[in-house]
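Trainee: I have a model open and would like to go through it with you. Could we begin with the terms and then move to the details?
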2 protein chains.
Amino acid sequence: MTSSDLYRNIKKKTSFLCVGLDTDFNKIPKFLLDKPYPVFEFNKHIIDATEDLAVAYKPNLAFYESLGAAGWMSLEMTINYVRENYPDIFLIADAKRGDIGNTSTLYANAFFRNLDFDAVTLSPYMGKDSIMPYMEFKNKWSVILGLTSNAGSRDFQQMETGDGKPLYEEVIRTAASWGTVDNTMFVIGATKADQLKSIRKIIPDHFLLVPGVGTQGGDLEEVFLNGYNNSCGMLINVSRSIIYADVTNRFEISARQKAIEYRDQMEVLMTKAGII
Amino acid sequence: MTSSDLYRNIKKKTSFLCVGLDTDFNKIPKFLLDKPYPVFEFNKHIIDATEDLAVAYKPNLAFYESLGAAGWMSLEMTINYVRENYPDIFLIADAKRGDIGNTSTLYANAFFRNLDFDAVTLSPYMGKDSIMPYMEFKNKWSVILGLTSNAGSRDFQQMETGDGKPLYEEVIRTAASWGTVDNTMFVIGATKADQLKSIRKIIPDHFLLVPGVGTQGGDLEEVFLNGYNNSCGMLINVSRSIIYADVTNRFEISARQKAIEYRDQMEVLMTKAGII
């Protein structure tokens, strides 16, 4: 999928919502626990209930790995289910991987070939040769950590470098030169809306993946106004406040309701901005 | 396992060798491919052939994840096999994870509880709250990326920060304050032997995990002389030049022979240094 394809899907759905499939085994409604793969069943219900309101889904790998081989099976089944039923969906593996070249190639194979994700989140600490193997896959995306939404982003990401700029700006500027706007995104936490403006000056045309709206407290309108571009240029990820909107048997109805609220707000913002 | 336990095992085996289980399905001898879990079978043979010569094993997760659920099964079986047969072995999950707090807790559970690893490698880019969940596990270790052996370490790790020091020094100094010498190690690439001396001034007492000896060209003696301390203070990881020393049916004999060479060289170095 190219950035134009992504923008076309955003316009079609009047939504730049990404639903985070941080599916916690302990929060799954009881009636699903009888199924052989409860995590997959939960995801399937959430996806069926929200697929017309979201352009992307983002399973966080930690939730699947913590269940061992059964977790991987649920992940594979989720990806296959989306691919078979909703081919326009953009699938992001939230894995935050970062390793040397030949090992990166293996991870890239795992996420792009075996699992057919469109994108994978990556940590930039090991530098260019840890990222390039992902970029060699055609129509696949590297989503590189820029400035994250957690308190610990102050420890190193916001540290001043030799030329007086924070490290995350150096990371974004440098990493943007490794690929194109059709294979590179950056993770920018929604709790850092004031820093989005300066990041947009460095990378005016790249898509941003923005977590932290909802439970983590980021404000959707503020993030949008500071970060959108003429092709929208952002995916807002919401996890818990959609998928755990309700933990009863009605969970998918509540999840859909919450997703509609986000979509409606996004539609208003994009209409006002004149980009849909 | 504490750092004293690790040093005791090093003295007993006159070795600070860590064998990297970067088990590539395509390099496994043909006769093992008939088994239901060839990767596990390969690991089992390598471990049985080298367990008296190595103090640690380090599976790189990419090799297992790239095989999907079957890969996870092989990983689980490998860890369980070591735990049942060689309880003194230190097991490192080379995962290079780094995510926000609640997600880190899930990864920590996956590696420390479900799989009973002793340690996991972690990327520091997201800061303190991405690492602390691992440190809450008693007798488990965080092995934090400091200065890696790949070319890309120049992109950010060696970047000058505001106070004139390279980023990796800031990372090591700061991250060392989060834990103790009994739950924190740092990854320092063997191709950076000249920088080891200055790192040792910052963290004289921590164990270092040193990859890059062997196929990647790092020199064992040079690394040791620049980096050892009174409790040895280092694990040298060797992967390919041991596990793929020979790809015929005799692979375990050649792997053992190669491990003996490393052990013998380590014994001489530690004897000369007066630490065994």
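This is a predicted model: local features need pLDDT of at least 70, side-chain atom pairs count only at pLDDT 80 or more; totals for chains, interfaces and linings use all residues.

Trainee: Then where is A:K96 placed?
Mentor: A:K96 lies in strand β3 of chain A. Its phi is positive, about 50°, although A:K96 is not a glycine.

Trainee: Why does that deserve a remark?
Mentor: Most residues other than glycine have a negative phi.

Trainee: Is A:K96 buried or exposed?
Mentor: A:K96 counts as buried, because 28 C-beta neighbours lie inside 10 Å and the cut-off for a buried residue is 20 or more.

Trainee: What about the phi of A:D116?
Mentor: A:D116 has a positive phi of about 55°, and A:D116 is not a glycine either. The residue sits in the loop between α5 (101-114) and β4 (119-122) of chain A. With 14 other C-beta atoms within 10 Å, A:D116 is partly exposed.

Trainee: What radius of gyration would a compact globule have with 276 residues, and what does chain A have?
Mentor: A compact globule of that length would be near 19 Å, and chain A has 18 Å, which agrees. Buried residues make up 57% of the 276 residues in chain A. Of the contacts in chain A between residues at least 6 apart in sequence, 72% join residues at least 24 apart.

Trainee: Which residues of α4(A) are buried?
Mentor: A:G71, A:W72, A:S74, A:L75, A:T78, A:I79 and A:V82 are buried in α4(A). They cover an arc of only 160° around the axis, which puts them on the same side of α4(A). On the other side of α4(A), A:E84 and A:N85 are exposed.

Trainee: What do the buried residues of α4(A) pack against?
Mentor: Within chain A, they pack against β1 (17-21), α2 (38-50), β2 (56-59), α3 (61-65) and β3 (90-97). They also pack against α4 (69-85) of chain B.

Trainee: How far apart are the end C-alpha atoms of helix α4 of chain A?
Mentor: They are 24 Å apart, which agrees with the 24 Å that its 17 residues should span at 1.5 Å a residue.

Trainee: On to the pair of chains. What rotation superposes chain B on chain A?
Mentor: A rotation of 180° with 0.0 Å of shift along its axis does so, at an RMSD of 0.0 Å. That is the relation of a two-fold axis. In chain B, the C-alpha nearest the axis belongs to B:T161, 1.9 Å from it.

Trainee: Why do the copies meet through the same surface?
Mentor: Because 100% of the interface residues of chain B are also interface residues in chain A.

Notes:
Residues are numbered from 1 along each chain as its sequence is written. Chains are lettered from A and ligands numbered from 1 in the order in which they are written. Copies are superposed by least squares on the C-alpha atoms of residues with pLDDT of at least 70 in both. Two residues are in contact if their C-beta atoms, placed from the backbone, lie within 7 Å. Helices (H or I, at least four residues) and strands (E, at least two) are DSSP runs, numbered from the N terminus. The expected span of a helix is 1.5 Å times one less than its number of residues. A residue is buried if 20 or more other C-beta atoms lie within 10 Å of its own, exposed if 12 or fewer, and partly exposed in between; C-beta atoms are placed from the backbone. The arc is that of the directions from the helix axis to the C-beta atoms. The radius of gyration is taken over C-alpha atoms; the globule rule is 2.2 Å times the number of residues to the power 0.38.
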